[in-house]
Amino acid sequence: MRVYVPLTLPGLAEAHRTGELGTGPFAAYAVTPALREWYLSDDIEELEYAALSRAALASLRLLAADPDAPRRRVVVAVDVADGAAAPDPDRGLDPAALGEVRVAGSVPLAKAAAVHVDAEDAEADVAAAAGALAAADAGDEDAQFAVDGAEDHELLWFATQEIPNLVGPGA
C-alpha cells in the first residue's frame with residue numbers, strides 16, 4: 001500500500017538522520033474507501049493524487065504548529081505492507097479525516113519511493129496559508145482563500161537520493 005506521510009523540512013531532516021519515518025503509530029494518507037467515495041473516481045492515479053493533496057494539507061497543519069520550520073510543505077511517498085496502515089474506524093466519515101490512515105510502526109526511510117516538496121517560490125503563499133489555517137477552519141472565507149493559494153502550488157517530485165540536498169548539510 002502506498003501511503004503519503006506529511007512532514008516539514010525539519011521532520012524530513014530528522015527522518016534522514018534516524019533512517020526512519022515516525023515511531024508508530026503515526027498519521028499518513030492513502031487511497032481509502034472513504035476517499036474513493038468522496039472523490040468519485042476509479043482512476044488510481046487521480047485517487048493517489050487526492051491522497052497526496054490531503055497529506056500536503058496535513059503538512060501545512062504541521063507548519064502552522066511550527067513557526068520556525070521553513071514554509072515548504074513536505075510529503076514522503078512510501079510503500080508499506082497492506083496490514084501496516086488502516087483508517088481509524090471512528091473517523092471514517094469525518095470529512096477532515098478523508099484518506100487518513102494510521103501506520104502501525106516505524107517505516108524505514110529506505111522504503112520511500114519519492115519525496116514531494118514545495119518549490120522555493122511557494123514559500124510566501126505557504127506561509128500565508130499556514131498563518132490563515134485556524135481562521136479558515138473556523139469558516140473565514142478570506143482565510144480559506146489564503147489556504148487555497150498554497151494548494152495552487154504543485155509539490156515538486158524528488159528522488160530519495162536527493163533528500164540530503166533538500167535538508168542541507170549536517171542533517
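## Helix α3

Helices here are DSSP runs of H or I with at least four residues, strands are runs of E with at least two, and both are numbered from the N terminus. An α-helix has 3.6 residues a turn, so residues three or four places apart point the same way.

The model is predicted: local features need pLDDT of at least 70 and side-chain atom pairs count only at pLDDT 80 or more, while totals for chains, interfaces and linings use all residues. Residues are numbered from 1 along each chain as its sequence is written, and side-chain values use heavy atoms, with hydrogens and water left out.

Helix α3 covers residues 44-65. At the start of α3, the backbone nitrogen of E45 has a side-chain oxygen of D43 within 2.8 Å.

## The buried arginine R73

R73 is found in the loop between α3 and β4 (74-79). Its relative accessibility is 3%, and R73 therefore counts as buried.

The side chain of R73 forms a polar contact of 2.7 Å with that of D118. A polar contact is a pair of N or O atoms within 3.5 Å; within protein, one must be able to donate a hydrogen and the other to accept it, and residues adjacent in sequence count only if both atoms are side-chain atoms. A polar atom of the R73 side chain also lies 3.0 Å from the backbone oxygen of H153. Beyond its neighbours within four places in sequence, R73 is in contact (heavy atoms within 4.5 Å) with residues including A56, S59, L60 and L63.

## Strand pairing around β6

Strands pair if DSSP finds at least two bridges between them. Strand β6 (residues 100-103) runs antiparallel to β3 (residues 26-29), joined by four bridges, and F26 stands opposite V103. Strand β5 (residues 85-86) also pairs with β6 in the antiparallel sense, over two bridges; here A85 has V103 as its bridge partner.

## The chain as a whole

The chain contains six helices and nine strands. Of its 171 residues, 43% are buried. Among contacts between residues at least 6 apart in sequence, 76% join residues at least 24 apart.

Key
The expected span of a helix is 1.5 Å times one less than its number of residues. Buried means under 20% relative accessible area, exposed over 50%, partly exposed in between (1.4 Å probe, protein chains only).
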